[in-house]
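Dear colleague,

Here is the structure that I promised to hand over, and below it you will find my notes. Please keep the view open while you read, and take the notes one section at a time.

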Amino acid sequence: MGARKHIAAEKLKEARKNLYFAKLKGVPSSPRKMRYVVDMIRGMEVNRALGVLKFSKKQAAADVEKLLRSAIANWENKNDRKAEDGELYISKVFVDGGVTMKRMRPAPQGRGFRIRKRSNHVTLFVEAKTNDENNK
């Protein structure tokens with residue numbers, strides 16, 4: 001790795017020290033379906049969000065629940081303590097499109113219809129509430 005690239009990587013690593021997040025890549029469902037689930041929990045306190053995801057009938061909710069538990073564990077690992085009830089909330093969460101696999105399906109008269117099997121990437125950020133937010 002070149003010197004400039006190494007310095008840039010160190011700066012990025014330093015900037016991410018106080019960010020608490022988890023990524024889920026290559027989930028085999030369409031980004032649109034995943035966004036329905038993600039929109040349900042955006043901005044929620046983490047324990048409430050876990051409850052919403054647990055009782056959701058959407059299949060994508062199980063993946064997001066696992067990702068949220070991972071983000072909470074990342075926060076606890078970086079802070080060397082367990083998170084208290086009501087301390088953490090979901091600050092940012094977004095879904096990006098992943099790789100689209102193209103497949104062909106037989107169609108009448110020798111034609112082929114294209115099937116697009118979509119995938120997505122989910123990124124979830126958690127933050128601790130400050131004292132001002134706890135007093136509200």
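**Salt bridges**

The structure holds four salt bridges, and please bear in mind throughout that this is a predicted model. Side chains of opposite charge can pair when their charged atoms come close.

Because Arg-69 and Glu-65 are four residues apart in helix H4, they are separated by about one helical turn. Arg-69 is partly exposed, with a relative accessible area of 47%, whereas Glu-65 is buried, with a value of 15%, which is under the 20% limit for that word.

Another salt bridge brings together the side chains of Glu-87 and Arg-81, with 2.6 Å from N to O. Here Glu-87 counts as buried at 12% relative accessibility, and Arg-81 counts as partly exposed at 36%. Lys-17 also forms a salt bridge, with Glu-14 as its partner and the closest N and O atoms 3.7 Å apart; Lys-17 itself is exposed, with a relative accessible area of 54%.

**The sheet and the helices on it**

In what order do the strands of the open sheet lie? The open sheet has three strands in the order E1-E5-E2, and their pairing is antiparallel. The edge strands are E1, which covers 20-27, and E2, which covers 88-97, and each of these pairs on one side only. From one strand to the next, the twist averages 15°.

If you look at E1 and strand E5 (residues 120-128), you will see that they pair in the antiparallel sense over six bridges. As an example to locate, Tyr-20 has Val-126 in E5 as its bridge partner.

Helix H2 (residues 31-41) packs on the sheet and touches E1, E2 and E5, with its direction making about 170° with that of E2. Helix H4 (residues 60-79) also packs on the sheet, touching E1, E2 and E5, and its direction makes about 150° with that of E1.

Ile-41 lies in helix H2, and with a relative accessible area of 0% it is buried. Which residues does Ile-41 contact, leaving aside its neighbours within four places in sequence? Ile-41 is then in contact with Ala-49, Val-52, Leu-53, Val-64, Ile-90 and Leu-124. Of these contacts, Leu-53 is 12 residues from Ile-41 along the chain, and the C-alpha atoms of the two are separated by 8.0 Å.

**Aromatic rings**

The structure holds three aromatic pairs. One of them is formed by Phe-21 and Phe-125, a tilted pair with 5.4 Å from centre to centre and 35° between the planes. Since Phe-21 lies in strand E1 and Phe-125 in strand E5, the pair ties together parts that are 104 residues apart in sequence.

What sits over the ring of Phe-125? The charged end of Lys-92 is placed there, 4.6 Å from the centre of the ring.

Conventions. Residues numbered from 1 in each chain as written. Predicted model: local features only at pLDDT ≥ 70, side-chain atom pairs only at ≥ 80, totals over all residues. Heavy atoms only, no water. Pairing = 2+ DSSP bridges. Helix = DSSP H or I, 4+ residues; strand = E, 2+ residues; numbered from the N terminus. Axes fitted to C-alpha atoms, helices over the stretch in contact; angles between N-to-C directions. Contact = heavy atoms within 4.5 Å. Buried < 20%, exposed > 50% of the residue type's maximum accessible area, 1.4 Å probe, protein only. Phe/Tyr/Trp six-rings, centres within 6.5 Å; stacked < 30°, edge-to-face > 60°. Lys NZ or Arg CZ within 6 Å of the ring centre and 35° of its normal.
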